[in-house]
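I give the cut-offs for each term where I use it.

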Amino acid sequence: MEGVAPDAIPYAQLMRDQEPVILKDVARDWPLVQHGLKSPDAAMDYIARFYQGRPIVEYRCAPGEGGRYFYTDAVDGFNFERGRVPLDEFFTHIREAMAKRTGASAYVGSTDLGIFFPGLRDENDLVLNDAMFDSHAPLVSIWMGNHTIASAHYDMSHNLACCMVGKRTFTLFPPDQVANLYPGPLEPTPGGQVVSMVDFREPDLDRYPRFRQAMAAGQVAELEPGDVLFYPALWWHNVEGFGDFTAMINYWWNTSPSFVDTPQNTLLHAMLSLRDRPDPEKQDWKALFDYYIFGPSDRPAEHLPEAAQGNLAPMDEVRARRLRAMLLNKLNR
């Protein structure tokens with residue numbers, strides 16, 4: 001989507017269509033982008049102006065890994081190390097890799113902009129002029145590194161990913177491609193979310209044959225400095241950063257009320273209660289879930305007097321608290 005003014009991002013359309021969209025050059029005039037276009041050092045020096053000394057979490061992997069932060073071959077650990085370091089130490093690692101061309105990779109994942117770099121957002125910020133942000137303020141974070149690969153995973157929030165320094169390629173898949181992406185263990189995970197076991201650089205199609213179907217359904221977004229990518233919650237995305245130094249600022253938000261629990265917990269509970277039941281019984285439970293959960297939210301209670309609706313009534317903070325207490329009581333028996 002080209003020619004979009006920074007104060008005219010079509011948020012309502014993005015949320016309605018629920019498809020990935022590149023907003024070309026929307027952040028092109030941000031100071032961080034402009035410093036990055038000068039040089040990696042200029043970008044790092046600019047970011048350092050806002051740093052207040054709190055240690056950041058750095059990830060490092062050896063040159064032979066090609067910047068892919070992943071599991072060991074035996075999936076019994078990770079192929080990287082992590083530790084808390086001051087910003088100048090992280091930037092030293094970036095500069096050493098840049099000077100020596102060792103291929104070593106250093107990476108800082110999602111780091112809260114307001115806590116670690118106060119003031120940076122004041123100079124580099126999207127215009128969030130849609131009413132949904134009044135009650136659903138986004139979490140804004142920064143990502144930094146050199147050549148890095150974040151294996152395909154999904155987030156539970158909508159995302160506006162702003163490419164600041166270097167280039168980034170997102171390979172995106174709709175949620176219905178989950179089986180074709182061969183998800184790995186639920187825990188531990190390299191970055192907090194389940195990741196695809198497929199190495200996108202050289203897919204092993206003998207081992208992961210359904211990945212062909214995923215690629216046929218996938219979309220590739222190649223971002224230049226100043227581009228902003230919107231993609232909806234639960235879309236899988238493989239992210240590769242290119243450059244001696246790369247930086248991205250992203251905005252995460254969800255329009256569900258804060259008192260609503262995460263469906264990820266429901267998924268885990270379903271593994272405990274439903275997954276290993278006989279198939280005919282599972283199909284019967286699927287019909288119940290379709291009625292109570294995945295169908296129209298008002299249907300199960302529409303034929304009942306208001307006083308008799310109980311937990312079938314629209315969820316609010318009080319009902320959510322009561323329901324959570326009831327579940328905890330049942331689980332703790």
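I began with Arg54, which lies over the face of Phe116 at 5.6 Å from the ring centre; a charge counts as over a ring if NZ of Lys or CZ of Arg is within 6 Å of the ring centre and within 35 degrees of the ring normal. I also found Arg68 over the face of Phe70, at 3.7 Å from the ring centre.

Before going on I noted that this is a predicted model, in which local features need pLDDT of at least 70 and side-chain atom pairs count only at pLDDT 80 or more, while totals for chains, interfaces and linings use all residues. Residues are numbered from 1 along each chain as its sequence is written, and side-chain values use heavy atoms, with hydrogens and water left out.

Next I looked up ring pairs, where rings of Phe, Tyr and Trp (its six-membered ring) pair if their centres lie within 6.5 Å, with planes under 30 degrees apart called stacked, over 60 edge-to-face and the rest tilted. The count came to 23 aromatic pairs. One of them joins Tyr69 and Phe80, a tilted pair at 5.6 Å centre to centre with 55° between the planes. Both Tyr69 and Phe80 are buried, a word that stands for under 20% relative accessible area, against over 50% for exposed and partly exposed in between (1.4 Å probe, protein chains only).

I then turned to Phe90 and Phe91, whose ring centres are 5.7 Å apart with planes at 40°, so this pair is tilted. Phe90 and Phe91 are buried as well.
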